[in-house]
Amino acid sequence: MSDSEKDALLTFLEAQRAAVLAILDGLDDDALTTAVLPSGWTPLGLVEHLGHAERHWFQEVALGSAEPLPWPADDHEPLTTPRPPSVVLAFYRAQCARSDAVLAALPLSARPRGRHPHPPGDKISDLRQIALHMIEETARHAGHLDVVRELIDGKTGLAPR
């Protein structure tokens, strides 16, 4: 596998991660922890979800194991969090850094050592597909956050281009 392909995947993943953080930049704790949509998720809860997704796909699926979480797995409603922004943002950044280390250490052709029990897990056959899935997952949620940010304070176009 060429380094240029790995570099391209990482560039696009990093761009989506940066979009997530840029969209949230400037929101206070109340805005980060208040549900705007009827489904009840919060912006900060969605970022924690993305941290869990990074951990799951790059550690549990790609490597076959992950270090234990620093908190109970099910201590709140889905896509919300009882943790403060500083803790969630540090968790997200740490999981992204661990994901980057996995991408750096393994070839894109590396077969997963773990398994995701639901679709698209049955279709994931290598690290390349894990990276592509995380680009898609992060981009989809960056779009959700973009819309919610507009509803919160009217700001749009906050993601880096």
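In what kind of crossing, left-handed or right-handed, does helix 1 pass helix 3? The close-ups below take up this and related points.

This is a predicted model, in which local features need pLDDT of at least 70, side-chain atom pairs count only at pLDDT 80 or more, and totals for chains, interfaces and linings use all residues. Residues are numbered from 1 along each chain as its sequence is written, and side-chain values use heavy atoms, with hydrogens and water left out.

**View 1. Helix 1 against helix 3.** Helix 1 passes helix 3 in a left-handed crossing (the near helix is turned anticlockwise from the far one by less than a right angle; clockwise would be right-handed). Helices here are DSSP runs of H or I with at least four residues, numbered from the N terminus. Helix 3 spans residues 43-61, and it packs with helix 1 at an angle of about 160°, the axes being 10 Å apart. Axes are lines fitted to C-alpha atoms over the stretch in contact, and angles run from 0 to 180 degrees between N-to-C directions. Helix 1 is therefore roughly antiparallel to helix 3 (over 145 degrees; under 35 counts as roughly parallel). Leu 13, Arg 17, Val 20 and Leu 24 of helix 1 meet Pro 43, Val 47, Leu 50, Glu 54 and Phe 58 of helix 3, where contact means heavy atoms within 4.5 Å. This contact of helix 1 with helix 3 has seven nonpolar, no polar and two charged residues (Ala, Val, Leu, Ile, Met, Phe, Trp, Tyr, Cys and Pro are nonpolar, Asp, Glu, Lys and Arg charged, and the others, Gly among them, polar).

**View 2. Helix 1 beside helix 5.** Helix 1 (residues 3-24) and helix 5 (residues 127-153) pack at about 20°, with axes 9 Å apart. The two are therefore roughly parallel to each other, and their crossing is left-handed. The residues of this contact divide into 14 nonpolar, two polar and five charged.

**View 3. Helix 3 along helix 5.** Helix 3 and helix 5 pack at an angle of about 180°, their axes 10 Å apart. That makes helix 3 roughly antiparallel to helix 5. Contributors from helix 3 include Trp 57 and Val 61, and those from helix 5 include His 141 and Ile 152. By class, the contact has 15 nonpolar, five polar and two charged residues.

**View 4. A charge over a ring.** Arg 83 lies over the face of Trp 71, at 4.0 Å from the ring centre (the criterion: NZ of Lys or CZ of Arg within 6 Å of the ring centre and within 35 degrees of the ring normal).

Note on methods:
Parallel < 35°, antiparallel > 145°, perpendicular 65-115°, else oblique.
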